[in-house]
Amino acid sequence: MSLAMLALGRFFLWSLALGATLCQPALAAPERVQYALIVANNSPETPDLATLKFADDDAARYYELLAPQVREAVLLAVLDEETQKRHPGLAALSRPPTRQELLSALDRLNGRMSEDRRAGREPVFFFIFSGHGKRDQAGEGLLLLLGGSFSRADLFEKVLAPSQADFIHLVIDACDSYYFVSSRGSLPVGQSYAELVTRYLDERSLARYPNVGVVLSTAGSQESHEWAAISSGVFSHQIRSALSGAADVNMDGRVEYSELRAFVASANARVEDPRGKLHMFALPPARDRAAAITDYRRPSGLAYLLLPAELGGRHWVEDERGVRVAEFHKEQGRHLVVALLPGRTYWLRSLAREARFVTGAAGAVVDGGGASWAENGIAARGSLDEAFREALFTTPFGPRFYAGYVSSTGEPPVAEPARPDLSP
Amino acid sequence: MVLLPLEPLATTTAAARGREDQLRAALARGKGICLEERSRTLAKLSGGGDAFRCSDRLCRAALSERLDADWILSGSVVGLGGREQLSLVAWDRSGQQVRRLVLGAGEGTGGLVFLLEDVPAPRPPRSRLSTYLLAGAGLAAAAVGTGLGMSSSQRARAISEGRTGCAGGGTEYQQCFAGVVSAGRSEATVANGLFGAAVLLGGGAAVLLVVEIP
């Protein structure tokens, strides 16, 4: 064979290869799969701490919100009698909130996430705790489990370090939860030991885990609050409201950390009574500060309520069990979507009126603009000692509040909302 | 009917436009629906931004007036749960009759039948012939009435100045004089009647000018 024929053959083969490469379809984005571990404990470790009433309710509601969105949701909680009545069948799915069960669940979920990574999928992990927290004698934060505790060191060694998740979202509703993730102050020890401990603490710093985002109920050492009128912790109620879609200020179907922070800020903007003041610490993953905590564009087992732009004011959504699943104060001029369980009856309520609606199948949208309103026959006022709750959700949340909020904090805002195409 | 650009919710502008084009094509195939061209609608909306939402009847009526539409169809393309759905709102010219529909991705456009059921067919352009005829008749009545009125006035002046044209005396003069007076009165009566008819005819023409009669 002549050199010319050989060159021609090689050129032909090269062209075939190039053409095949160019004709390949663009690589699809990896599939995102989600897992949730929800832990709650009403009972304190020590008699100096009061038994909580609604940590188990919060866990049950987190489970109901996340289970339809994740591949596997694990609930570690002992549901009290009232909660079991309100959530029939859920007790059978839950395990006790002990240290052993927690570690076992982490192992199993990490195993599944490891398989996902090998298969080219992107696992996301939600770790949620509702209950008592405290600081130990060294000032390190602890979460109180049933018959034991889970320390800050455990968080880093057992949850974050071995995690196979692409992103981890920590939601902690407990006293002193800030100290559960952040290190304490200066070290009163000798230099060599200090070096060891500094290295120990550095390895247990969120800065080493840029894939971790945190949402904590306290910015300092304040106690978290429970709200008897809605059988929930105030913080968890606001977080779930935000994550159900009420915080999606640019209507892109995603709730980012800045939207969640702004939503909680607006909900508490007019609370002046220190008993009702809520402080939150929230930090997005350093690797992607625009990472969404929830993304309702993805297929899930949830249905959706679409509220029209013309509706404004404070409203909440309650189900047939009387569970207040979401609450918000909507700015007029923007739509709002709330993710709900499918095939259920709900009421959209304000202080003056209510409208009944039924959600469709999973994925279906209910148009709240067609709601038939009636006067609200239920007294919305709670007991006198909860009067300080009435200032909650009195500030409208929407693009205007959000713009002012991010401007004051200096953080980058979410993307502008998509607009209608006005080209011919 | 006017279809406003659909708003994207949890989806992209391009995706919303794609669904809008599909909807527009489906409406164009619908019987008895005269859908305005998109370019014409956009031209009417230019300068008003992209906010087409109305929260009350007055706003809806004002928008209908601005767009000169018997029916307006507005809404959003909602990209939740892994699929796209249309959330549509239609209202009539008065803004009072409002209909809503959520159309799933797999439902095709059959649901539009429900949304647009009993929507009146487009009105033919209203004829103004009757208005013109009434106005013309009124003018004619006014003109003739004016002429007769002037003639009656001249007769009255002539009678007062003794220029009746009657000669002679006795019964013959009386009969002539009575005839002149009678003629003048008749002219005045007819003139008054014609003026009244002119007012009625002119008023009727004015009513037809501003009010639509099916």
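This is a predicted model: local features need pLDDT of at least 70, side-chain atom pairs count only at pLDDT 80 or more; totals for chains, interfaces and linings use all residues.
## Ground rules

Residues are numbered from 1 along each chain as its sequence is written, and chains are lettered from A in the order in which they are written. Local features need pLDDT of at least 70 and side-chain atom pairs count only at 80 or more, while totals for chains, interfaces and linings use all residues; side-chain values use heavy atoms, without hydrogens and water.

## Helix 10 of chain A

Helices (H or I, at least four residues) and strands (E, at least two) are DSSP runs, numbered from the N terminus. In helix 10 of chain A, the buried residues (under 20% relative accessible area; exposed is over 50%, partly exposed in between, with a 1.4 Å probe and protein chains only) are A:Tyr402, A:Tyr405 and A:Val406. Seen down the helix axis, they fall within an arc of 90°, taken from the directions from the axis to the C-beta atoms, so they line one face of the helix.

Their cover includes helix 9 (257-267) of chain A. On the other side, A:Arg400, A:Ser407 and A:Ser408 are exposed. After helix 10 comes A:Gly410, with a positive phi near 80°.

## Two positive phi angles

A:Phe393, though not a glycine, has a positive phi of about 55°. A:Phe393 sits in the loop between strand 21 (373-375) and helix 10 (399-409) of chain A, and is buried at 1% relative accessible area.

B:Ala10 is not a glycine either, and has a positive phi of about 55°. B:Ala10 lies in the loop between strand 2 (7-9) and helix 1 (13-29) of chain B, buried at 6%.

Conventions
Contact means heavy atoms within 4.5 Å.
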